[in-house]
Each structure stands twice: as structure tokens, then as C-alpha cells.
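Here are my notes on the model you sent over.

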Amino acid sequence: MSDILIVSNLGKQFGGIKAVDGLSFAVREGDIHGLIGPNGAGKTTTFNLVSGFYKPTHGSVKLFDEEISGLRMHHVAKKGVIRTFQHSTLFAELTVLDNVLVGTHMMFKPSLTAAFLGRERQSRAKAIGRANEVLEFFGLQAFVDQLAGELSHGHQRALGMAVAMASQPKILLLDEPFTGMNPEETQTMMGLMGKLRDTGITLLLVEHDMTAIMGLCDRITVMNFGKLLTEGKPLEIRNHPDVIEAYLGKQKNAT
Amino acid sequence: MSKPKLLILFSFLLLAVILIVLPHGLSYSQREILVFLTINILVVSSYRLLTLTGEWSLGHIVMMGVGAYGSALYTKELGVPVPISMVLGALTAGIIAWGLSFPLFRMKGFYFLIGSFAAGEIIRLLWKRFRDPFGGPKGIKRIDPFPDIDLGFVRIDFFDPVNYYYFALIIVVLCLVILWRIEKSMIGLTFHAVHWQDKLAESTGVNVRAYRTLALVISATFAGLAGTLLAHYIGTVNPNVFDIEQMVFVLTWAIVGGTTTIYGPIIGCIILTALNEIVLREMGLEQGRPLVYGLILIASVLFMPKGLEDVVKKVIDWIKLHVLTGRIKNV
Ligand SMILES: Nc1ncnc2c1ncn2[C@@H]1O[C@H](COP(=O)(O)OP(=O)(O)OP(=O)(O)O)[C@@H](O)[C@H]1O
Ligand SMILES: [Mg+2]
């Protein structure tokens, strides 16, 4: 399998803080790839750099062979890199269906002349079809007409993913998708992610829920203080002394 | 036809009849006011399209002016026939707005508001400063009127306010239909998305800047068209017609009416114009119009933050519940 996303020597500095500091890793196409690390390790910042939300201080991000670092966020999205946000970020004032319809923006680009002439019915019907497909996949079809802001926290997380999925990503960057979900919801969502991978979408997953991470990921990158700590298969990571130390401090010898 | 559809159809027919009969029950000066009201409805409705993206501009009235000056100059200087000059005037406003979008959309929210004010004032200064071609502080006079239409058996003279009212009404209704279609389209949805969460919108591939610009340009084009309607009716334009005081009136109509529905700003415009013309004029308080508007603005923000449209919504809900479902108790 080839590498879909190659991050090399990536860096981002905020004033005196090096939030990401010379990070390099690669994501193989078709994998579920975990990106973990303690709070403040720089995971979200890495997402922000890859997705074009921030411009990196230095380093490069490649999608296959194409440099994408420094592109604006909607350009990166057009290349097929879609991210979700750590804190439920939705169009809270819009209905669930409208949220996902915004996600279909790239597939069914709105036309001004069609809007002027009231000739949008066909493309809108297709967009709604696509939206309903995605909503069904995430088990949200019962809520189509509700306002997104009125959903439970778990459903809001799922809707965030549905919006991202609607835009047909090649690689989906998910920032802590399981927070606010109860164990059953997490289980269901893990199942859905497995299905997404089976449809050929690569997932890059930031998550603190270790059971989920260990259960889902093909490979895991661990970062700490903005740097790469280690990388490997879930079993290797679980037992890696540096990782245990980073998460638990110096207590690793207690037992 | 189902009961609700019949009711809607009936309401629209009734509205059409009222709009057609209305000028005949008014005095000459009231008819003139009716023309201005019709034009102002387009100004405030086009303003609302911009507010869909979450940006509030203070330059909108100047865009109306760009249309008015543009159309006036195209006829006077270039000899373009009036109906065509009106289209060109409107497009000029759109193009100027597009040019202004580059500096303005480096800013958001409050800064955009102030920036749009500054941009508008610069345009007004240019009008005042350059006698040729803008006529300086006195503006442009003797602008060609809309040409008479000779149908053989009848000659429509647009100097007559009733005729001009019908003409403006047709144009404004057409524009409102287009604005409504845009809002209900996927483009309108994208405007809302840009308003509520520009980050999320951009992350799914929406070019947020382009959509903000689009809303600004469309709203300016329609404001420009409203300006041309004004210019060829009153026959003269000057920089003061489009000053910040006028802008505050537009803002007040929008805020008092509410901007979540398409009819909110229209209601605001109608009610406040009626208040202005009937109450203030009768009481000889016209000079105090800015003061009264200021008080109304404050009062409506304090006591009616959802605007007049909310009252209408409640009435519609009541009708739906009681009339359409036939749940009125015949005790
Ligand atoms: N916009 C910003 N301005 C200044 N500092 C920032 C900014 N964003 C992040 N940081 C800092 O960069 C560091 C990394 O933050 P980041 O949010 O990437 O961590 P994280 O790994 O996502 O943590 P968490 O698991 O808590 O979400 C932190 O020290 C944070 O305070
Ligand atoms: Mg984070």
C-alpha cells in the first residue's frame, strides 16, 4: 500500500510554544491510523496544519505526491482531505439535513443561474439523496428535521462526522470522535469506522479512548511535546515503555 | 386544492388587489411616498441578503447611490437609453462592491462594519470632490425620466406617481422573487453555513471568501437597481441622499422588522414609513425623525429583539393551528 499522507519535519510555533516541533509520519492508504499523545501534545494543531487551518512555520504535508501545506482549507478539502473538529462544531441553527447538505457542497456545486431561475430541483434532489445516505449510515435518519443544536452530544459528534463524510473524502481526519458518547454509541461508531475503511476511506484518528484506539487502528503514531515519540502496531504501542511513561509519568516501575 | 394552499393563494390575490388599488385611495404626495416606499423595500430586502452571511454593512446605501449616479451618468454623458442605463447602473454597483470586497473581507464583524462605512464615505467624497462628472455637492440634476410608453390606445406617462409606482412595483416584486429563490437555493444554504460556522463550512470545501463576496455583490446590485429607480423618478441625485442618516434608516427597518425572514425587513420598512409619514408628518415632527428612529431602534432591541416578524410568525402559527386544522370550538 502506498502512503496517502506524508508529514515531514512539520512545525508550528505559537509565540514561544512549539506546539508541533519537527513532526514526521506517514499514513498508509486504506488504514485506520491513530494519532495519540497526552493533553497538549499537539495533535489538534497537527490536524489544523494538515487541513490548512494554520500555515505551518516549517515542514511539508503531502497528499500522495502533492504538496498541500500552506493551501487554504477549502483547497485542501477539494483535494479530498476532510477534518472534523475536537469540539462539536456544527451549524447548530440549521436542521440535521441542512448540515449534511452543506457537506455535499463540493459534489453538487450550487449554481447561481439555477438559483435565479429556480432550476435547482434536480441537483438538489441528488444532494438530498446523498445526504440521506450518509445520515442513514450514521443512524441519524430519525432526526433529519431537528435543529443540530438540539441533538444529544453523542448524536452531535456523529453528525459532525456525517457532514465530513458527505463531502466524499479520500482521507478523513477525526479529532476525538468518541468524546461525549456512551459506551454503546462508541461501540456502534467503532463498527461504522471499520465499515468506512472497508469502503476505501483512510482514517486518521485522534482519540483518548485507548480501548477504541487499540481496537480500531492498524498503526499508531504517538506524539509528545509536539514531537514524534514512537510509531507502530497497537500491541507494540501498548507495551512501549516510552508511551507508558508519557501517559503515566514515572510510575511505570511501580508494579 | 388543499385548504392551506387555497388560503395562501387567496392571501396573495388579496395582497395583489390591495397593491393595485392602493394608490387610488391616496393623495398626490402620499402616492409619491408610496413610490419611495416601494423602492426602499428593495433596498432593505437586498440588504438582508448580505446579512444572511452574518456581515452587516454601513455602505449599502452608498451602493444604491452608485446605481443612481451610474444610471444618471450613462444617460446624460453617454446617451444610453434609460431602461438599459438602469441595468448598467445596477451592474456598476455590483462591480464596485466586488472591488471593495478585497479590502473589506480582510475584516469581519465590527471591523467590517466600520470598514464598509469608510469605503462608502470615500465614494461619497469622490462624488462631492469631482464636479465633473459627478456634479459636486449639488449632484446631478435633470436626469432623464423613464420614457413614456405609447401603446397606441393609451400613453403611459411615468411622471405620474401612480404609473411609476406600478412600474417600480413590478421591478421590485421580480427582484424579491429572485432574492427569495437565491435564499432558498443551495447558495442561500451556503450563506447560512458561512454565517453560523465559517470554519466548518470551509473544512467541507466552501470557499468562504467567495461566498461572502457573492452575497455582497448581489446585495449591492439590487441596491443599485433601487437607486436607478429612484434617480429616474426624482430626476436628481446628490451625495446627501445616500448619507449615513439614510443608512441608519435602512438599519432600523431591518432591525425593527427582523432579519430571519424575507418579510421581516419589508414589514419594518412599511410600518416605520407609515409611522413617519402619518404620525410624524401630521404632528409636524419630521425634523425629529432621526431622534424618533433612534428611540424606536433602542426600544425594539430592548423589548422586541426578535423583531416584528416574530409577531407575524405567531399569527401564522395561530392560523395554522386554529383555522387550518379547524380546531376552533363552535361553542
Ligand atoms: N492557537 C493557539 N495559540 C497558542 N497556543 C496554542 C494554540 N493552539 C494550540 N496551542 C498550544 O499548543 C499546544 C498543543 O495544543 P493542541 O491543541 O494541539 O494539543 P492536543 O494534543 O490536541 O491536546 P488535547 O488532547 O488536550 O486536545 C498546547 O500547549 C496549546 O496550548
Ligand atoms: Mg486536541
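1. Let's start with the ligand: how do the residues of the shell around ligand 1 divide into nonpolar, polar and charged? Bear in mind that this is a predicted model. The shell comes out as seven polar residues, four nonpolar and one charged.

2. As for who is in that shell, the residues around ligand 1 include the run A:G37, A:N39, A:G40, A:A41, A:G42, A:K43, A:T44 and A:T45. A:F14, A:I17, A:A19 and A:Q86 are also on the list. Helix α1 (43-50) of chain A makes the largest contribution, three residues, and strand β2 (17-28) of chain A is another element that supplies at least two.

3. Now the sheet. Four strands of chain A form an open, antiparallel sheet in the order β2-β1-β4-β5. β2 and β5 (66-67) of chain A are the edge strands; each has a single partner, so one side of each has no neighbour in the sheet. Helix α1(A) packs on this sheet and touches β1, β2 and β4 of chain A. The direction of α1(A) makes about 70 degrees with that of β2(A).

4. On domains: chain A is assigned two of them, with domain 1 covering 1-80 + 169-255 and domain 2 covering 88-162. Their C-alpha centres are 27 Å apart. Where they meet, eleven residues of domain 1 of chain A are in contact with nine residues of domain 2 of chain A. On the domain 1 side, α2 (73-79) and α7 (183-198) of chain A each bring at least two residues, and α7(A) gives the most, with four. That side of domain 1 of chain A has six nonpolar, three polar and two charged residues.

5. Last, the contact between chains. Here 31 residues of chain A are in contact with 21 residues of chain B. On the chain A side, the elements that each supply at least two residues are α2, β6 (81-83), α3 (96-103), α4 (112-117), α5 (121-137) and α6 (153-166). The chain A residues that touch chain B split into 18 nonpolar, seven polar and six charged. Note that α2 of chain A turns up both here and on the side of domain 1 of chain A that touches domain 2 of chain A.

Conventions:
Residues numbered from 1 in each chain as written. Chains lettered and ligands numbered in written order. Predicted model: local features only at pLDDT ≥ 70, side-chain atom pairs only at ≥ 80, totals over all residues. Domains from an automatic or database assignment. Contact = placed C-beta atoms within 7 Å. Nonpolar A, V, L, I, M, F, W, Y, C, P; charged D, E, K, R; others polar. Near = placed C-beta within 6 Å. Pairing = 2+ DSSP bridges. Axes fitted to C-alpha atoms, helices over the stretch in contact; angles between N-to-C directions.
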